[in-house]
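Reader: I have a new model to look through. Where do we begin?
Author: With the sequence and the structure side by side.

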Amino acid sequence: MTYNLNQHRILIGRLVLASAFVLNLFTASHFTSEMFIHHVCDSFGLVLLVICILGRIYCTLQIGGHKNAELVTTGIYSVVRNPLYFFSFIGVIGIGLISSQITVLVMLTAGFFIVYLPLIGREEKFLGDKFGNAFTDYMKRVPRFVPDFSLYKPAEVVTISMAPLHSALRDALWWLLPFIVFETIEWAQTSGLIHPVAHIW
């Protein structure tokens, strides 16, 4: 089940991102590269992207090879039930800001919730069936998506599994790809190599 859900998530995510690239390629933002707000969006977007990458690596270190094998409720998982998705959402917002187009930001945000809300629901059902009352109690204590840091409970021992860590590090490179693509498109448009057919917000 998890494999199929992840395959659909990855496919839809790539299609939404590819659509954002195409839109950004053939249109230009009203927030031109000379405007202060453009630089603010770029800088803040990059900061969010770095938080996303570091957060996802931290989550992987925390859960390691324990995913679906045991219920992890300490560390980052003591403040939010879906920290990987939370940090992914931060990354999506960052990518949208880097594009400097509100339309792209809305497109990516909508795509995220369309993909991840049903996925989170199905994963919670799976975990509820697997861990029973322990997961039900965990759901009552810990918020689903917005962290509550007052609940933080450190893990006494963390066992790091290298295979998931290597996967998370490779995954970090994919999160940097949209930044490179959007910045390259912006450079090409500014240099006159690409001529946008329209300006959008």
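Author: Start with a definition. A residue is buried when its relative accessible area is under 20%, and exposed when that area is over 50%. Between those limits it is partly exposed. Keep in mind that this is a predicted model.

Reader: What percentage of the residues in the protein chain is buried?
Author: Of the 201 residues in the protein chain, 40% are buried.

Reader: Which elements does the protein chain have, and in what order do they run?
Author: There are 6 helices and 2 strands. Read from the N terminus, the order is α-β-α-α-α-α-α-β.

Reader: What does the C-alpha trace span along its principal axes?
Author: About 60 × 30 × 30 Å.

Reader: How do I read the contacts between residues apart in sequence?
Author: Contact means heavy atoms within 4.5 Å. Take the pairs at least 6 apart in sequence: 83% of those contacts join residues at least 24 apart.

Reader: Is Gln101 buried or exposed, and where does it lie?
Author: Gln101 sits in the loop between helix H3 (83-99) and helix H4 (102-131). Its relative accessibility is 2%, so Gln101 counts as buried.

Reader: Which residues is Gln101 in contact with, leaving aside neighbours within four places in sequence?
Author: Leu23, Asn24, Thr27, Ala28 and Ser29 are on the list.

Reader: Which residues form a nonpolar patch on the surface?
Author: A patch takes residues with over 30% relative accessible area and no salt bridge; nonpolar side chains are joined within 5 Å. Here Phe36, Val40, Phe44, Val47 and Ile51 form one, with about 490 Å² of accessible area together.

Reader: Where is the place of Phe44, and why does Phe44 count as partly exposed?
Author: Phe44 belongs to helix H2 (residues 36-63). Phe44 counts as partly exposed because its relative accessibility is 47%.

Reader: What about Met162?
Author: Met162 is in helix H6 (residues 162-190). At 45% relative accessibility, Met162 is therefore partly exposed. Compare sequence with space: Met162 and Leu61 are 101 residues apart in sequence, and their C-alpha atoms are 8.8 Å apart.

Reader: Last, the charges. How far apart are the mean positions of the positive and negative charges?
Author: The protein chain has 13 positive and 12 negative charges. Their mean positions are 11 Å apart.

How values were computed
Residues are numbered from 1 along each chain as its sequence is written. This is a predicted model: local features need pLDDT of at least 70, side-chain atom pairs count only at pLDDT 80 or more; totals for chains, interfaces and linings use all residues. Side-chain values use heavy atoms; hydrogens and water are left out. Helices (H or I, at least four residues) and strands (E, at least two) are DSSP runs, numbered from the N terminus. Buried means under 20% relative accessible area, exposed over 50%, partly exposed in between (1.4 Å probe, protein chains only). Lys and Arg count as positive and Asp and Glu as negative; His and the chain ends are not counted. The place of a charge is taken as NZ of Lys, CZ of Arg, CG of Asp or CD of Glu. Patches are made of residues with over 30% relative accessible area and no salt bridge: like charges are joined within 9 Å, nonpolar side chains (Val, Leu, Ile, Met, Phe, Trp, Tyr) within 5 Å. Accessible areas come from the Shrake-Rupley method with a 1.4 Å probe; for residues, only the protein chains shown count as cover. A salt bridge is a side-chain nitrogen of Lys or Arg within 4 Å of a carboxyl oxygen of Asp or Glu.
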